[in-house]
Amino acid sequence: MPVLTGKELRIVGFLCNWCSYGGADTAGVGRFTQPTDLRIIRVPCSGRIDPLFILKTLISGADGVLVSGCHPRDCHYAEGNFYARRRLEVLKRFLPILGIDPARFDYTWVSASEGQRWQKVVTVFTEQIHALGPAPRFDSVSPELLAKVAGALSQGGNRVAA
Amino acid sequence: MRIGVFVCHCGSNIEGTVDTAVVARTSLDFPEVVYATDTMYACSEPGQDGIIQAIKEKHLTGVVVASCTPRMHEPTFRRAVERAGLNRFMFEMANIREHVSWIGKDREANTNKSVDLVRIAVEKLRRDAPLSPSKFSINKRVMIIGGGVAGIQAALDCADGGLEVVLVERESTIGGKMAKLDKTFPTVDCSSCILGPKMVDVAQHDKITLHAYSEVDSIGGYVGNFQVKVKKRATYVDWTLCTGCGACMEKCPSKKNPDKFNEKIGPTTSINIPFPQAIPKKAVIDPTTCRQFVKGKCGVCAKVCPTGAIRYDMADEIVTEDVGAIVAATGYDLFDIRKIPEYGAGRYPDVITSLAYERLLSASGPTGGHVKRPSDGKEPKNVVFIQCVGSRDKSLDRPYCSGFCCMYTAKQAILTKDHIPDSQSYVFYMDIRSPGKMYDEFTRRAMEEYGARYIRGRVAMVYPKGDKMIVRGADTLAGTQVEVEADLVVLAAGAEAAVGAPQLAEKLRISYDRYGFFMESHPKLKPVETNTAGVYLAGSCQGPKDIPQSVGQGSAAAAKVLALFSKDQLESDPQISRVDIKRCVGCGKCIMTCPFQAIKEVEFRGQKKAEVIETVCQGCGICTSTCPQGAIQLSHFTDNQILAEVNALCQS
């Protein structure tokens with residue numbers, strides 16, 4: 001079933017298991033109402049997130065991507081979010097070069113106790129994406145080229161995913 | 001693969017806002033899903049039996065349960081599929097409660113979102129492989145950080161259980177806040193009489209190593225095998241020689257320093273043993289006030305010390321302790337009462353904290369147990385207690401209740417009457433919170449037997465008038481303003497996270513809340529565990545607690561450590577990184593980025609390759625996103641799996 005047309009946009013979240021996924025759980029337990037657009041993919045650590053995942057998601061038709069990890073210095077794996085921060089900051093600056101509005105991507109830090117903060121993060125980001133509207137489809141690009149780009153992204157440049 | 005999908009109602013928790021039958025029916029359209037149903041409570045015994053039965057009857061090879069968060073019941077369901085004969089890792093969860101049904105009421109949108117979450121779980125499961133854990137041996141030593149009553153209890157219980165214990169204490173003596181108390185509620189037991197023997201037990205226990213005046217510098221490793229660097233701060237006294245005789249304290253010429261142990265009421269010497277029952281009973285020099293350090297000459301203590309223990313050139317020392325588990329019991333600190341200028345703390349000497357008042361009441365305190373007010377040493381006749389100073393106050397960002405202040409204020413009102421029979425106590429309170437065995441009876445005794453006058457209302461200001469303090473506040477029951485002439489004002493300062501608690505949490509890799517209190521694994525069911533395996537909590541570091549609660553948690557944490565150490569080997573989580581040796585080019589980037597030194601370089605047919613040390617890998621996957629070849633993949637979070645989830649969301 002696709003996202004509800006006219007009501008929702010396609011927003012994908014990558015959340016680290018220990019802080020932000022827990023924070024989203026805390027928000028649920030506290031019944032902090034949020035928009036329904038976001039779909040969360042759980043990863044062990046924000047350091048696990050390859051920036052190419054985000055590109056792939058945006059090129060495949062997502063209207064927004066949100067990444068959230070543990071607060072810097074409070075990573076469950078000691079330093080994963082430092083790697084994430086560096087990679088994601090570079091990615092954010094790189095997006096306009098690819099013709100993608102950098103406002104469609106954001107990263108933040110939410111701890112497992114910050115249910116209310118998670119509610120705010122989701123609400124603000126969803127509003128931000130709705131203000132931008134649906135992402136432009138890559139209609140003028142030939143399907144072959146698009147498939148090639150998507151293929152290259154999922155392979156990580158010269159890498160062959162296992 | 002033959003996948004079964006089970007969509008849980010969770011009573012009305014999920015079914016109330018998600019059409020679970022529709023979710024189940026729609027999942028039948030997903031690839032390789034051969035069976036789908038909705039179920040009332042998937043985690044209940046009949047629910048689990050239903051899953052097991054379906055696995056057997058439908059010959060399922062993988063299971064998706066759409067219910068609550070995997071952080072809650074993933075282990076439960078993994079065990080269930082294992083009972084049915086599947087590998088426990090052929091299982092995925094879709095979180096349709098915390099992330100769907102509880103955060104919105106739109107049934108259509110929720111149902112739709114739940115279908116999407118099941119879809120990505122199915123796509124992930126299709127790429128899962130069976131995994132089996134390997135075993136690793138553990139170091140059965142435990143470190144307790146913090147030597148207050150919670151830490152002491154945890155240390156003694158672990159040591160009595162046969163474990164070697166390393167106790168690290170920041171101050172020069174163990175005992176914590178409880179050692180400063182005069183009496184305890186609701187029995188009015190003498191605090192040092194019940195704590196003292198436990199402190200002695202710690203000192204004499206042959207299984208406990210005590211590092212006092214020490215702090216945790218850094219922590220490496222993981223459950224079963226932590227390496228903790230402990231910084232032993234310079235005491236400038238050789239503790240192997242110091243006998244605690246106190247000759248140095250008698251002769252020390254620098255006598256006018258604020259006494260930290262006595263909450264800065266009364267002076268103390270630069271070389272000091274905090275109190276007579278200190279454990280270890282060893283002297284420490286404060287280099288910020290000692291004349292030898294400040295002026296460069298004195299040396300009196302070195303001359304009088306009968307064992308020649310003084311070492312002015314001592315430096316901090318780092319010792320490394322290898323332990324298998326860590327209990328954090330770092331306690332609390334007091335709210336800084338100077339943050340409420342209306343009450344005048346800091347400006348008027350006769351406005352003090354309740355802990356300082358405790359020292360005035362104590363026979364081992366600066367006044368020898370005679371209540372004398374700090375300004376002029378007179379015995380106060382009217383004592384006003386103000387409760388909730390830095391508790392339950394949103395304007396100060398302290399919205400939480402500190403819990404034990406109502407009780408100790410009642411105790412102090414009782415003790416005031418005991419010490420000064422012609423005195424009168426007044427207590428300004430918001431609500432009296434005394435849930436606990438014999439607690440409410442105790443506060444009633446303070447009012448009825450000891451005549452403490454309880455006034456329900458907040459205090460607006462405290463100001464001096466002559467040699468008295470005027471406390472002006474509201475009496476909300478009578479609906480009037482009141483002014484009380486006080487000789488002494490005692491503020492029931494709220495509990496705050498201990499100084500340095502967030503920094504320690506970061507070293508322990510555990511979470512803390514916005515106030516600095518450590519986060520437990522589950523607020524109800526795992527109160528002393530953390531989300532980091534092998535790290536446990538006890539006492540007020542998790543949130544304000546009174547003595548019985550802290551002792552209970554100390555014992556609980558010890559029980560958890562003993563249970564962990566009841567096995568000689570632990571099973572490692574097999575969701576770890578694996579190297580595809582054909583793709584690895586031996587660049588070594590994964591070795592550099594791994595935070596756990598879990599990847600080593602090996603030679604394979606004359607070529608450099610990376611190899612993961614199975615039991616050391618913690619499964620973060622930083623290496624996977626670093627590898628330029630995609631050669632190192634984190635099991636169950638492979639590139640292919642995450643991209644399949646992305647595809648499922650974007651191309652549906």
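This report describes the interface of chain B and chain A in a predicted model, and then the packing of two helices of chain B.

## Extent of the interface

Between them, chain B and chain A bury about 5500 Å², of which 53% lies on carbon and sulfur atoms. On the side of chain B, the residues that lose the most area to chain A are B:Arg71, B:Ile103 and B:Asn112, which together make up 12% of what that side buries. Counted by residues, the contact takes 61 from chain A and 66 from chain B.

## Polar and charged pairs

Across the interface of chain B and chain A there are 23 residue pairs in polar contact, both residues being at pLDDT 80 or more, and the rule for salt bridges finds seven. A:Lys7 forms a salt bridge with B:Glu108, with the closest N and O atoms 3.3 Å apart.

## Elements on the side of chain B

Several elements of chain B each supply at least two residues of the side that touches chain A, among them α3 (70-83), α5 (107-126), β34 (632-634) and α18 (639-650). The element that gives the most to this side is α5(B), with ten residues. By class, the residues of the side of chain B that touches chain A divide into 25 nonpolar, 26 polar and 15 charged.

## Packing of α5(B) and α18(B)

Within chain B, α5(B) packs with α18(B) at an angle of about 145 degrees, their axes being 8 Å apart, and the crossing is right-handed. From α5(B) the contact is made by B:Asp116, B:Arg119, B:Ile120, B:Glu123 and B:Lys124, and from α18(B) by B:Gln641, B:Ala644, B:Glu645, B:Ala648 and B:Leu649. This contact has four nonpolar, one polar and five charged residues.

Notes:
Residues numbered from 1 in each chain as written. Chains lettered and ligands numbered in written order. Predicted model: local features only at pLDDT ≥ 70, side-chain atom pairs only at ≥ 80, totals over all residues. Heavy atoms only, no water. Contact = heavy atoms within 4.5 Å. Buried area = accessible area lost by both parts, 1.4 Å probe. Salt bridge = Lys/Arg side-chain N within 4 Å of Asp/Glu carboxyl O. Polar contact = N/O pair within 3.5 Å; in protein donor to acceptor, adjacent residues only side chain to side chain. Helix = DSSP H or I, 4+ residues; strand = E, 2+ residues; numbered from the N terminus. Nonpolar A, V, L, I, M, F, W, Y, C, P; charged D, E, K, R; others polar. Axes fitted to C-alpha atoms, helices over the stretch in contact; angles between N-to-C directions. Left-handed = near helix turned anticlockwise from the far one by under 90°.
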